[in-house]
Amino acid sequence: SPSDPDLVERARAAKEKLGDKVFVLGHHYQRDEVIQFADVTGDSFKLARDAAARPQAEYIVFCGVHFMAESADILTGDEQKVVLPDLAAGCSMADMATAEQVAECWDVLTEAGVAEQVVPVSYMNSSADIKAFTGKHGGTICTSSNARRALDWAFEQGEKVLFLPDQHLGRNTAVRDMGMSLEDCVVYNPHKPNGGLTADELRGAKMILWRGHCSVHGRFSLDSVDDVRERIPGVNVLVHPECRHEVVAAADYVGSTEYIIKTLEAAPAGSKWAIGTELNLVRRLANRFAPEGKEIVFLDKTVCFCSTMNRIDLPHLVWALESLAEGKLVNRIEVDKETEAFAKLALERMLALP
Ligand code: 13P
Ligand code: SF4
């Protein structure tokens with residue numbers, strides 16, 4: 001839908017008034033009305049790396065979700081303030097692993113006598129607390145664009161990995177990219193005593209997957225893949241690794257949002273694509289590449305936005321920018337110092353991956 005011209009004008013004016021004082025980051029899942037004001041767009045890895053790219057900017061306005069804004073705060077200096085235009089923009093997957101649950105899990109691993117062999121690897125989609133836990137226990141953060149490299153690194157440090165909180169990214173990377181078997185993976189359920197696992201199961205596993213998932217990507221099914229292949233002969237199925245294992249196994253290409261964009265940029269005219277990721281991005285890509293003769297459709301028949309990403313809309317962005325332009329700091333995301341120190345350790349291990 002076209003953006004309200006009055007709000008567009010107000011956002012432009014506030015941004016102009018702020019000049020170099022503000023740096024706007026936008027995740028690829030953001031609405032068109034918001035993404036047009038981003039100085040940089042990217043997947044979660046690129047945005048984490050670029051957050052520190054403008055040290056002269058006093059304010060970083062993060063158009064994305066809470067864990068991304070926290071990561072930006074961790075990776076930037078104290079004098080840079082990170083603002084999330086709507087504090088309710090969380091991530092249901094990140095909420096599936098709390099600090100208490102993860103501490104309890106570590107006790108279970110210790111009881112079973114395996115904790116010493118375990119290296120935690122946490123997906124970027126986790127709270128700063130979980131990142132700090134990861135750093136404290138010698139682990140690293142990963143995103144969907146470097147999960148393979150993070151796991152390779154982790155298996156050089158220890159024999160087992162505790163993968164938090166997305167079971168699908170963990171399983172897909174281990175099985176599809178690294179040749180492990182499904183039997184090498186067990187799922188730790190934080191809502192069951194001992195995670196629902198016996199000590200023997202923990203001892204036998206290589207990958208201990210946290211029972212978390214993305215509800216947006218969880219909507220895609222093997223049926224959606226079969227269905228689109230039948231409807232569009234010759235279609236290439238391209239999905240995000242947060243999709244379930246059977247979907248990823250049936251797809252032709254798998255990767256992060258940035259990878260999805262790069263793949264479509266390189267695709268020949270006349271090619272056909274079904275994309276399994278968030279709908280704002282898929283619609284934008286379909287519109288962008290239609291004139292080049294690339295046919296791009298959404299993998300599922302039902303609509304599938306990320307409702308928390310969508311909370312950042314133009315009215316919230318205008319409010320944040322106008323407040324900052326008036327010298328009022330609103331919606332600051334600030335991680336406490338102790339959490340920050342350990343979380344930073346884990347994030348820096350990721351940034352140092354080969
Ligand atoms: P990427 O942009 O890193 O692929 O991540 C997708 C996502 O779900 C972020 O929440
Ligand atoms: Fe979280 Fe899924 Fe939304 Fe990404 S798409 S922010 S993983 S709920």
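Q: Which residues are around ligand 1?
A: In this predicted model, the residues around ligand 1 are His28, Asp43, Ser44, Phe45, Cys91, Asn125, Thr143, Ser144, His240, Glu242, Ser256 and Thr257.

Q: And how many of the shell residues are nonpolar, polar or charged?
A: The shell around ligand 1 has eight polar residues, together with two nonpolar and two charged ones.

Q: Switching to the records, which residues does UniProt list for "binding site"?
A: The UniProt entry, which is unreviewed, lists Cys91, Cys214 and Cys306 under that heading. These residues are spread over 216 residues of sequence, yet they cluster in space, with a largest C-alpha distance of 9.4 Å.

Q: Where is cysteine 214, then?
A: Cysteine 214 sits in the loop that runs between strand S9 (207-210) and helix H10 (222-231).

Q: Is cysteine 214 buried or exposed?
A: Cysteine 214 is buried, because 25 other C-beta atoms lie within 10 Å, and the cut-off for counting as buried is 20 or more.

Q: What is cysteine 214 in contact with?
A: If neighbours within four places in sequence are left aside, cysteine 214 is in contact with Met93, Asp166 and Glu242, and Glu242 is also one of the residues around ligand 1.

Q: Now for cysteine 306: where is that one found?
A: Cysteine 306 belongs to the loop between strand S13 (295-298) and helix H14 (314-325).

Q: Why does cysteine 306 count as buried?
A: Cysteine 306 counts as buried because it has 23 C-beta neighbours inside 10 Å.

Q: And what does cysteine 306 touch?
A: Not counting residues up to four places away in sequence, cysteine 306 touches Tyr29, Val216 and Glu278.

Terms used:
Residues are numbered from 1 along each chain as its sequence is written. Chains are lettered from A and ligands numbered from 1 in the order in which they are written. This is a predicted model: local features need pLDDT of at least 70, side-chain atom pairs count only at pLDDT 80 or more; totals for chains, interfaces and linings use all residues. A residue is near a molecule or strand if its C-beta atom, placed from the backbone, lies within 6 Å of it. Ala, Val, Leu, Ile, Met, Phe, Trp, Tyr, Cys and Pro count as nonpolar, Asp, Glu, Lys and Arg as charged, and the others, Gly among them, as polar. UniProt positions are given in the numbering used here, feature names are shortened, and annotations may be inferred rather than shown by experiment. Helices (H or I, at least four residues) and strands (E, at least two) are DSSP runs, numbered from the N terminus. A residue is buried if 20 or more other C-beta atoms lie within 10 Å of its own, exposed if 12 or fewer, and partly exposed in between; C-beta atoms are placed from the backbone. Two residues are in contact if their C-beta atoms, placed from the backbone, lie within 7 Å.
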